[in-house]
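Biologist: I have a model open on my screen and would like to learn how to read it. Could you take me through it, feature by feature?

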Amino acid sequence: MTAKTHRELKIWQDSRILVKAIYIFTRHSLPPEEKYELGRQMRRAAVSVPSNIAEGYARETTKDYLHFLVMARGSLAELETQLLLCCDLDYATEEEVYLILEQITSIQRVINATRATLKRKLADA
């Protein structure tokens, strides 16, 4: 069954959960001087994931959707880097960010699988 709207996509739903996790993390784990610098950057990267998935799914073509999935994947890589930097800077431990990193990895896998399926669909057309 094909989703009628982006709201039905599990990947979009999972990315919204990731956004909430990042907002909680940045609110509670970052020192005050980083809440408006690194924290803002992390929140923007997180928000862009479900936003790009939604926008791509709403576009008219599979090629457009593929493009926006790449953008979402890039935002996930950015967010992963920022979380690891939080560990490097002693704002958090790897144990504290582990679950968020697992969420990122899971969403990356689904994006990669979705892209592979869409590319096959384009090739068969």
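Modeller: Gladly, and let's start with contacts, meaning heavy atoms within 4.5 Å. In the protein chain, 69% of the contacts with a separation of 6 or more are between residues 24 or more positions apart. Do keep in mind that this is a predicted model, where local features need pLDDT of at least 70 and side-chain atom pairs count only at pLDDT 80 or more, while totals for chains, interfaces and linings use all residues. Residues are numbered from 1 along each chain as its sequence is written, and side-chain values use heavy atoms, with hydrogens and water left out.

Biologist: How many helices and strands does the protein chain have?

Modeller: Helices (H or I, at least four residues) and strands (E, at least two) are DSSP runs, numbered from the N terminus. Here there are five helices and zero strands.

Biologist: Which residues have the most contacts inside the largest nonpolar core?

Modeller: In soluble globular proteins, nonpolar side chains tend to be buried together. A nonpolar core is a set of buried Ala, Val, Leu, Ile, Met, Phe, Trp, Tyr and Cys residues joined through side-chain atoms within 4.5 Å; buried means under 20% relative accessible area, exposed over 50%, and partly exposed in between, with a 1.4 Å probe and protein chains only. In this model the largest core has 34 residues, and F25, M42 and L83 have the most contacts inside it. Two or more residues come from each of α1 (10-29), α3 (38-58), α4 (62-88) and α5 (94-124). The largest share, nine residues, is from α4. Beyond its neighbours within four places in sequence, L83 touches I22, F25, M42, V97, I100, L101 and I104.

Biologist: What kind of aromatic pair do Y57 and Y65 form?

Modeller: Rings of Phe, Tyr and Trp (its six-membered ring) pair if their centres lie within 6.5 Å; planes under 30 degrees apart are stacked, over 60 edge-to-face, and the rest tilted. Y57 and Y65 are edge-to-face, 5.4 Å centre to centre with 80 degrees between the planes. Y65 counts as buried because its relative accessibility is 9%, whereas Y57, at 22%, counts as partly exposed.

Biologist: And a charge over a ring?

Modeller: That needs NZ of Lys or CZ of Arg within 6 Å of the ring centre and within 35 degrees of the ring normal. The charged end of R43 sits over the ring of Y23, 5.7 Å from its centre.
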